[in-house]
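The following note sets out, point by point, what may be read from the model shown below. Please consult the sequence and the coordinates alongside each paragraph.

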Amino acid sequence: MKKFIAAAVCAAIAAILPLTGCNTQINYSKYISEKRSEIYLYNDDDIDITVHCVSREQPYNADGICGNMCDIVEIFVKFSSVPESVEIAVGDYWGEMNYEAVQTRFTASYSAPPFKTDGIDVTITVDGTQNNYRVLSVSDSGVLSCEQALKCAVEHDRELFKSLTRKKDFAGEIYVRLLYDDGCYYYVGVCDRDKNITAYLLDGGIGKVIATKKIKA
């Protein structure tokens, strides 16, 4: 049922989108400067593993202008007790993880395209002891894509997108991040050239906007 509703919502949005931007069809996905498209999770009593697949402009700068994008895999690991050293292996990548004291977690990142799979195998070596984990995707067929979530935000606030549209150009950059908290959500942020950000929180299944907030970059 959720898949049917999501498909119906996005079909309706696709029909309306050509009306945005002063009757000029704009592909707003071209102006995404950060996209978190995949999240993978594993947790037990001793360890929490989170993997993000992200495309992000390099260098990253919230200035309302979309730059060249780079695909990145970000890994975050928290332990029940902090070890001395942590190494991680994912696919062809291997490396030592860095400790973030404020977040009390270990991190690693490397350049790679999104996995686009139901699960990934992660090997973590803690103080010389190696363990293997199967880290699972939080998404299923009922979860919208980043592009679909953006279309839902456009439909929700067409006036904002219209105000930033200049003929066939968009005077801003867009952030779309998949979130997970006992369910999938999306953060969609629109940053204009004055570094004003209008942010939306969307239900990840049907694209309904749950909350809106305006902040300064």
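1. Burial and overall make-up. A residue is called buried under 20% relative accessible area, exposed over 50% and partly exposed in between, with a 1.4 Å probe and protein chains only. By that criterion, buried residues make up 45% of the 217 residues in the protein chain. The model is predicted, so that local features need pLDDT of at least 70 and side-chain atom pairs count only at pLDDT 80 or more, whereas totals for chains, interfaces and linings use all residues. Residues are numbered from 1 along each chain as its sequence is written, and side-chain values use heavy atoms, with hydrogens and water left out.

2. Secondary structure and contacts. The protein chain has four helices and 15 strands; these are DSSP runs numbered from the N terminus, helices being H or I of at least four residues and strands E of at least two. Contact means heavy atoms within 4.5 Å. Among contacts in the protein chain with a separation of 6 or more, 56% join residues 24 or more positions apart.

3. The largest nonpolar core. Such a core is a set of buried Ala, Val, Leu, Ile, Met, Phe, Trp, Tyr and Cys residues joined through side-chain atoms within 4.5 Å. The largest one has 28 residues, of which Leu150, Ile174 and Tyr186 touch the most other members. At least two residues each come from β1 (32-43), α3 (146-156), α4 (158-163), β12 (172-180), β13 (184-192) and β14 (196-203). The most are given by α3, with six residues. Apart from neighbours within four places in sequence, Leu150 is in contact with Tyr28, Ser29, Ile32, Phe161, Ile174, Val176 and Val188.

4. The second core and the cysteines. A second, separate core of 23 residues includes Cys53, Phe79, Ile88 and Met97. Cys53 is buried, at 1% relative accessible area, and Cys146 is also buried, at 4%. A search of the whole structure finds zero disulfides, a disulfide being a pair of cysteine sulfur atoms within 2.5 Å.

5. The largest pocket. Grid points are joined across faces, edges and corners, and a volume is the space filled by probe spheres set on the points. The largest pocket has a volume of about 230 Å³. Its lining comprises 15 residues, and the closest to its centre are Ser37, Glu38, Lys116, Ser139 and Ser145. Two or more lining residues come from each of β1 and α3, and β1 gives the most, with three. The lining divides into four nonpolar, five polar and six charged residues, where Ala, Val, Leu, Ile, Met, Phe, Trp, Tyr, Cys and Pro count as nonpolar, Asp, Glu, Lys and Arg as charged, and the others, Gly among them, as polar.

6. The second largest pocket. This pocket has a volume of about 170 Å³. Its lining consists of Leu41, Tyr42, Asn43, Asp48, Ile49, Thr50, Phe76, Val77, Lys78 and Arg105. The elements that give two or more of these residues are β1, β2 (47-57) and β3 (69-79). Five of the lining residues are nonpolar, two polar and three charged.

7. Backbone geometry to inspect. Most residues other than glycine have a negative phi, and most peptide bonds are trans. The peptide bond from Gln58 to Pro59 is cis, with omega near -5°, and Pro59 is found in the loop between β2 and β3. Thr104 has a positive phi of about 50° although it is not a glycine; Thr104 is in the loop between β6 (98-100) and β7 (105-111) and is partly exposed, at 37% relative accessibility. Asp182 has a positive phi near 55°. Asp182 is located in the loop between β12 and β13 and is exposed, at 75%.

8. Two buried threonines. Thr107 lies in β7 and is buried at 12% relative accessibility. Leaving aside neighbours within four places in sequence, Thr107 is in contact with Ile75, Phe76, Met97, Asn98 and Glu100. Thr123, in strand β8 (residues 119-126), is buried at 19%. Not counting residues up to four places away in sequence, Thr123 touches Glu87, Ile88, Ala89, Gln130, Asn131 and Asn132.

Definitions and conventions. On a 1 Å grid over the protein atoms alone, a cavity is a set of points where a 1.4 Å probe fits but cannot get out, and a pocket is an open set with protein on both sides within 12 Å along at least five of seven lines; lining residues have an atom within 4 Å of a point.
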